[in-house]
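Visitor: Before we discuss any detail, might we have the sequence and the model in view?

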Amino acid sequence: MPTVDPRVQASIDGSLSILPELQARFDRAIAQAPPPRSRNAALLADELGERVIHIAGMHISSALDHVRTMAQVWATNTIPTYSLQTLARTTLENALMAQWLMDSELTLPNQIARGVGAQYADYREREKLEQDLKPRLSGRAKLAVDRRADFMRTAEARGFAKISSEGELVPNRVLPNVTDLFNRYQTSRLPDGRRPPGSTYYRIYSAFAHGKQWSQLLSDLELAQPPHGASARLFSSSPNDGLLAGTFTRSINAIGTAVDYFCGHARAPTEEANRRH
């Protein structure tokens with residue numbers, strides 16, 4: 001492996017060391033029925049709310065799958081030029097969307113509203129694919145356009161959808177775009193005290209994903225985060241080492257928070273939480 005700052009090596013190894021625990025916690029939350037009074041139980045018992053669990057779970061599964069691939073690359077003692085940042089971008093997109101859906105501060109109706117928006121967007125993307133493929137259906141199978149119509153009628157009846165100015169039935173809460181998610185959940189302090197918006201990191205990772213010329217000229221990313229759950233520790237390093245450390249630790253930290261939110265809702269809430277929600 002090319003020589004890296006020992007602190008960067010330790011930061012990455014420390015982050016990856018908690019990956020099996022995160023996977024195990026998430027697997028347990030998915031496999032076991034939540035306690036009767038937990039938030040996840042309330043969501044799963046609701047025709048619309050169950051979409052929150054299913055969609056957030058898919059996002060976390062995708063994030064874990066991508067970061068495991070990053071770990072496998074790291075274990076080969078090679079550092080690819082572009083692909084690690086590309087994997088990190090997809091990892092973060094999924095983990096941050098799961099955080100948005102399972103945010104621990106949400107009331108139950110607000111969480112369901114976000115799930116309706118996520119399901120609507122999912123059906124819309126599927127419609128575009130089906131318009132290209134023109135699939136032939138048989139039996140009771142439905143196209144996404146029909147599934148969306150059925151789902152949105154239910155959402156409207158529950159007060160989670162409305163008629164747009166174009167006359168279309170749309171969710172009350174739409175998905176944030178990716179840069180908004182990064183700005184909401186990925187803003188952090190650099191060693192010199194600056195706090196660039198979270199979208200900075202999305203644009204950096206996107207530059208690698210799309211082969212932008214300037215992706216190889218980055219000279220001002222000097223952040224290496226501590227592993228998820230560790231005490232805050234920032235240090236300056238060379239630009240390349242800082243980017244490398246941030247690529248891994250940001251990914252693991254984001255997944256860790258998403259799993260924390262997901263598993264937190266899988267436990268029975270306290271009396272204080274019941275009053276708050």
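Visitor: Is Tyr-205 buried or exposed?
Guide: Tyr-205 belongs to helix H9, where helices are DSSP runs of H or I with at least four residues, strands are runs of E with at least two, and both are numbered from the N terminus. A residue is called buried under 20% relative accessible area, exposed over 50% and partly exposed in between, using a 1.4 Å probe and protein chains only. Since its relative accessibility is 1%, Tyr-205 counts as buried.

Visitor: What pLDDT do local features need in this model?
Guide: Residues are numbered from 1 along each chain as its sequence is written, and side-chain values use heavy atoms, with hydrogens and water left out. The model is predicted, and totals for chains, interfaces and linings use all residues, whereas side-chain atom pairs count only at pLDDT 80 or more and local features need pLDDT of at least 70.

Visitor: How many residues of H9 are buried?
Guide: The buried residues of H9 are Ser-199, Tyr-201, Tyr-202, Ile-204, Tyr-205, Ser-206, Ala-207 and Phe-208. By contrast, Thr-200, also found in H9, is partly exposed at 27% relative accessible area. H9 is largely enclosed by the rest of the structure because its buried residues number eight of the eleven.

Visitor: Which residue takes a positive phi just after H9?
Guide: Helix H9 covers residues 199–209. The residue with a phi of about 60° just after H9 is Gly-211.

Visitor: How are H2 and H4 oriented to each other?
Guide: Axes are lines fitted to C-alpha atoms, for helices over the stretch in contact, and angles between N-to-C directions run from 0 to 180 degrees. Angles under 35 degrees count as roughly parallel, over 145 as roughly antiparallel, 65 to 115 as roughly perpendicular and the rest as oblique. The axes of H2 (residues 19–31) and H4 come within 11 Å and cross at roughly 155°. That makes the pair roughly antiparallel.

Visitor: Which residues of H2 make the contact with H4?
Guide: H2 passes H4 in a left-handed crossing, a term used when the near helix is turned anticlockwise from the far one by less than a right angle, with clockwise being right-handed. H4 contributes Gly-57, Ile-60, Ser-61, Leu-64, Val-67, Arg-68 and Ala-71 to the contact, and H2 contributes Leu-19, Gln-23 and Phe-26.

Visitor: What distance does H4 reach from its first C-alpha to its last?
Guide: The expected span of a helix is 1.5 Å times one less than its number of residues. With 27 residues (49–75), H4 has an expected span of 39 Å, and its reach is close to that, at 40 Å.

Visitor: Are H5 and H6 antiparallel or oblique to each other?
Guide: H5 (residues 83–102) and H6 (residues 108–133) have axes 8 Å apart and pack at about 140°. Trp-100, Leu-101 and Met-102 of H5 meet Gln-111, Arg-114, Gly-115 and Ala-118 of H6. From the angle, the two helices are therefore oblique.

Visitor: How many residues form the largest nonpolar core?
Guide: A nonpolar core is a set of buried Ala, Val, Leu, Ile, Met, Phe, Trp, Tyr and Cys residues joined through side-chain atoms within 4.5 Å. Ile-60, Leu-101, Val-116, Phe-248, Ile-255 and Phe-262 touch the most other members of the largest one, whose residues number 67.

Visitor: Is Lys-134 buried or exposed?
Guide: Lys-134 lies in the loop between H6 and H7 (144–157). Its phi is positive, about 50°, although Lys-134 is not a glycine. With a relative accessibility of 62%, Lys-134 counts as exposed.

Notes:
Contact = heavy atoms within 4.5 Å.
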